Amino acid sequence: MAATKRKRRGDLAVQAKKPKRNEKDAAPPTKRHTTAEEVEEEERDRIPGPVCKVCEMKNCNKCIYFEAKKKQDLYMWLSNSPHGPSAKFLVQNIHTLAELKMTGNCLKGSRPLLSFDPAFDELPHYALLKELLIQIFSTPRYHPKSQPFVDHVFTFTILDNRIWFRNFQIIEEDAALVEIGPRFVLNLIKIFQGSFGGPTLYENPHYQSPNMHRRVIRSITAAKYREKQQVKDVQKLRKKEPKTLLPHDPTADVFVTPAEEKPIEIQWVKPEPKVDLKARKKRIYKRQRKMKQRMDSGKKK
């Protein structure tokens, strides 16, 4: 069989025909105009998928998940895995144990008491959060690592549409409370039906995102700066304007009394020089010193 010769690339190069475009395809694609707020909401409510798998691996049905963004914003998820519900909070005003240096203390593994504000029973979403917090923070019955005594209490208080958390030690003598720490504030964002997502059961109308808060602060400072610049511009314009000369008012000099003219005295005698007290004291001191030296030299002879 005759060996077939290799064909060069130039011989094999065939221009592929471009498929015809329909009129529908020829139209330019519509651009989605997504605002920054919509993108922020999508990122804010995204579901951290691996967390649910971790709960299943550890055989846990309650989860607290901290999510940090931009190295300055901290979010906290409270979830009942795997069926829900779950809640997302913005953690604010965080003060750690190292920062506070409180005098209170408690044993590791001891049971905490849970104290809730009566306002938790007034609204349904607060009642749901109360039940979720009870299931997460309370000690399970007959847990092997739990201690058979109680020495501290967790308090949850509602103020300014936020949940304030405190940790106190219970002193045995008089049942007084001494703060242990840490302390922080939970600003509710949303409550979801599922675990880390799902249909929204409640959305906080008073919530303001950290980006929006920082934007408002920047706009306020920018407005103050613009106001100062406007004041400076007005002052410069006033300085450039020609000064208006007011006509002389004849009644302005009614109460002006002329001063009495003193007679001119010519001094014919040279005034005596002023006595310099410092120089006089120095001369007296030198004189006394010389006298002492003479008396001492006479005694030695």
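Me: Helices (H or I, at least four residues) and strands (E, at least two) are DSSP runs, numbered from the N terminus. In those terms, where is Phe 196 found?

Reply: This is a predicted model. Phe 196 is found in the loop between strand S8 (183-194) and strand S9 (197-203).

Me: Is Phe 196 buried or exposed?

Reply: Buried means under 20% relative accessible area. Phe 196 has 0%, so it counts as buried.

Me: What about the phi of Phe 196?

Reply: General idea first. Most residues other than glycine have a negative phi. Now the case here. Phi of Phe 196 is near 60°, a positive value in a residue other than glycine. Asn 59 also has a positive phi, of about 60°, although it is not a glycine.

Me: Where is Asn 59 found, and is it buried or exposed?

Reply: Asn 59 is in the loop between helix H4 (49-57) and strand S1 (62-69). Exposed means over 50% relative accessible area. Asn 59 reaches 72%, so it is exposed.

Me: Next, omega. Which residues does a cis peptide bond join?

Reply: Most peptide bonds are trans. Here, a cis bond joins Ser 81 and Pro 82, with omega about 5°. Another cis bond joins Gly 84 and Pro 85, again with omega about 5°. Pro 82 lies in the loop between S2 and strand S3 (86-95). Pro 85 is found in the loop between S2 and S3 too.

Me: Now salt bridges. How many does the structure hold?

Reply: The test is a side-chain nitrogen of Lys or Arg within 4 Å of a carboxyl oxygen of Asp or Glu. The structure holds five. One of them pairs Arg 214 with Asp 73, the closest N and O atoms being 3.1 Å apart. That pair links distant parts of the chain: Arg 214 in helix H7, Asp 73 in strand S2 (residues 73-80), 141 residues apart.

Me: Which residues are linked in a network of salt bridges?

Reply: Arg 166, Glu 179 and Arg 183. The side chains of Glu 179 and Arg 166 meet at 3.9 Å, N to O. This pair too links distant parts of the chain: Glu 179 is in strand S7 (residues 177-179), Arg 166 in strand S6 (residues 162-170), 13 residues apart. Glu 179 also meets Arg 183, at 2.7 Å, N to O. Glu 179 is buried, because its relative accessible area is 12%.

Me: Which residues form surface patches?

Reply: Start with charge. Lys 224, Lys 228, Lys 232, Lys 236, Lys 239 and Lys 240 form a positive patch. Lys 228, one of these, is found in helix H7 (residues 210-240). At 57% relative accessibility, Lys 228 counts as exposed. Now the nonpolar case. Ile 264, Ile 266, Trp 268 and Val 269 make a patch of about 600 Å². Trp 268 lies in the loop between H7 and helix H8 (277-300). Its relative accessibility is 76%, so Trp 268 counts as exposed.

Me: How many residues of H8 are buried?

Reply: Zero of the 24, so H8 lies largely in the open.

Conventions
Residues numbered from 1 in each chain as written. Predicted model: local features only at pLDDT ≥ 70, side-chain atom pairs only at ≥ 80, totals over all residues. Heavy atoms only, no water. Patch = residues over 30% accessible without salt bridge, like charges linked within 9 Å, V, L, I, M, F, W, Y side chains within 5 Å. Areas by Shrake-Rupley, 256 points an atom, 1.4 Å probe, with all protein chains shown as cover. Lys, Arg positive; Asp, Glu negative; His and termini not counted. Charge placed at Lys NZ, Arg CZ, Asp CG, Glu CD. Buried < 20%, exposed > 50% of the residue type's maximum accessible area, 1.4 Å probe, protein only.
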